[in-house]
Amino acid sequence: MITRYALFEGKLKEGETEAFRAAVLENIVPKWKAFPGALDVRVTFADARDEGAPEIPMILAINYPDLDSVEKALASPARAAAKAATEEVLARFFEGRIHHHITQANEFRL
């Protein structure tokens with residue numbers, strides 16, 4: 001199984017934490033679940049724990065059965081819709097720096 005993680009880093013607007021979380025669950029997660037081949041979509045809401053650490057308000061994880069499924073999902077029209085929904089929510093709730101990066105892990109299960 002392949003898991004792609006998107007880590008979003010940036011500062012949420014003051015007092016917008018709960019509204020941001022609701023917008024993620026209502027607007028972003030359904031779009032990523034529409035990806036062809038996506039087995040599971042998970043969101044973890046996290047906060048910076050160490051002084052000076054970047055704020056990581058959201059980690060998005062999507063599981064796929066294999067690399068072919070990842071490639072099909074990334075080439076599908078569903079990607080544009082998911083990206084647009086994500087950018088709209090980020091623009092509404094973040095101030096200052098918005099950054100995200102994606103990592104990929106191969107998970108082997110016996």
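Biologist: Where does Ser 69 lie in this model?

Modeller: Happy to show you. In this predicted model, Ser 69 sits in helix α2, which covers residues 67-75.

Biologist: And why is Ser 69 called buried?

Modeller: The relative accessibility of Ser 69 is 14%. Buried means under 20%, so Ser 69 counts as buried.

Biologist: Which residues is Ser 69 in contact with, leaving aside neighbours within four places in sequence?

Modeller: Those are Pro 36 and Tyr 64. The word contact applies to heavy atoms within 4.5 Å.

Biologist: Let's turn to Gly 96. What makes Gly 96 buried or exposed?

Modeller: Gly 96, found in strand β4, has a relative accessible area of 71%. Exposed means over 50%, therefore Gly 96 is exposed.

Biologist: How far is Gly 96 from Lys 13, in sequence and in space?

Modeller: Along the sequence 83 residues separate Gly 96 and Lys 13, yet their C-alpha atoms are 8.9 Å apart.

Biologist: Good. Now the largest pocket: what is its volume, and which residues lie nearest its centre?

Modeller: Its volume is about 300 Å³. The lining has 17 residues, and Ala 6, Trp 32, Arg 79, His 100 and Ile 102 lie nearest the centre.

Biologist: Which elements supply at least two residues of that lining?

Modeller: β1 (2-12), β3 (58-64), α3 (77-93) and β4 (94-106) each do. α3 gives the most, with five residues.

Biologist: How do the lining residues of the largest pocket divide into nonpolar, polar and charged?

Modeller: There are 11 nonpolar, two polar and four charged residues in the lining of the largest pocket.

Terms used. Residues numbered from 1 in each chain as written. Predicted model: local features only at pLDDT ≥ 70, side-chain atom pairs only at ≥ 80, totals over all residues. Heavy atoms only, no water. 1 Å grid on protein atoms, 1.4 Å probe; cavity = no way out; pocket = protein on both sides within 12 Å on 5 of 7 lines; lining within 4 Å. Points joined across faces, edges and corners; volume = space filled by probe spheres on them. Helix = DSSP H or I, 4+ residues; strand = E, 2+ residues; numbered from the N terminus. Nonpolar A, V, L, I, M, F, W, Y, C, P; charged D, E, K, R; others polar. Buried < 20%, exposed > 50% of the residue type's maximum accessible area, 1.4 Å probe, protein only.
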